[in-house]
Amino acid sequence: MIVSFAGYLILLRGRVFSVGDRITIGGVRGDVVELGFMQTTVMEMGEAPGEQAAPPAVWVSARQHTGRLVRVTNDRIFDSPVYNYTREFPFLWEEIHLPVKFDADRARAERILLDAARRHTAPIAERARPMAQAFARRYPLRETPDVEPHV
C-alpha cells in the first residue's frame with residue numbers, strides 16, 4: 001500500500017503520465033481514465049496481430065478499445081517500464097506492410113505509395129515538424145526525428 005501511494009505521489013508530481021494519456025503499463029495498453037491513490041484505471045486497447053502473442057489475451061485485433069477497464073496498482077511504475085505514447089510527442093510512427101510481387105516494378109510501386117502517403121499525411125507532418133524539433137532540443141538526439149513518409 002505504501003509503495004502504491006508513493007507511486008501516486010510521483011504520478012501527481014512527475015511527468016510519467018496523466019489522465020488522457022495513451023500508455024502501456026504492467027502489460028496493459030490503453031488510455032488512462034482515472035488516477036487513484038492506489039490504482040490507475042486504463043481503458044484497454046486491442047493489439048495488432050504481431051503483438052497478440054503476449055498475455056493477457058486480447059480479442060480485438062486493432063488499436064481500438066476493447067471495452068475492458070483494467071486497474072493497475074500504482075507501484076507498477078517502479079518495477080516495470082511505462083510507455084507513454086502521448087506525453088512528449090503526440091504522434092506515432094506507424095508501419096503498413098504491403099506485399100509486392102517479386103517481378104513487379106518496385107520503383108513504380110514505391111513512387112505510388114510515397115505519393116499517396118505524402119498526399120494524406122502532409123497536414124499531419126506540418127503539425128508534427130515543429131514538435132519534433134522541440135523534442136530534439138529537449139532530448140540529446142543526434143538528429144531531429146523525421147516526420148515524412150518512407151517506403
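**A tour of cores and rings**

Start by selecting Phe-102 and Arg-106: Arg-106 lies over the face of the Phe-102 ring, 5.2 Å from the ring centre. The model on screen is a predicted one.

Next, select Leu-11, Phe-17, Ile-23, Ile-25, Val-28, Val-32, Val-42, Val-70, Val-72 and Ile-77. These ten residues make up the largest nonpolar core. Colour β1 (22-25), β2 (28-35) and β4 (65-73) to see the elements that each give two or more residues to this core.

Within that selection, centre on Val-28. Which residues does Val-28 touch, leaving out those up to four places away in sequence? They are Ile-23, Val-42, Val-70 and Val-72.

Another core, of six residues, lies apart from this one; Phe-89, Ala-125, Ala-128 and Val-147 are among its members.

Stay on Phe-89 and turn to the rings. The structure holds seven aromatic pairs. One of them joins Phe-89 and Phe-91, with 5.5 Å between the centres and 55° between the planes, a tilted arrangement. Both Phe-89 and Phe-91 are buried.

Is its pair with Phe-89 stacked or tilted? The centres are 5.4 Å apart and the planes stand at 20°, so the pair is stacked, planes under 30 degrees apart being the criterion. The two partners can also be coloured by accessibility: Phe-89 counts as buried because its relative accessibility is 11%, while Trp-93, at 53%, counts as exposed.

Together with Phe-89, Phe-91 and Trp-93, they form one aromatic cluster.

How values were computed. Residues numbered from 1 in each chain as written. Predicted model: local features only at pLDDT ≥ 70, side-chain atom pairs only at ≥ 80, totals over all residues. Heavy atoms only, no water. Core = buried A, V, L, I, M, F, W, Y, C linked by side-chain atoms within 4.5 Å. Buried < 20%, exposed > 50% of the residue type's maximum accessible area, 1.4 Å probe, protein only. Helix = DSSP H or I, 4+ residues; strand = E, 2+ residues; numbered from the N terminus. Contact = heavy atoms within 4.5 Å. Phe/Tyr/Trp six-rings, centres within 6.5 Å; stacked < 30°, edge-to-face > 60°. Lys NZ or Arg CZ within 6 Å of the ring centre and 35° of its normal.
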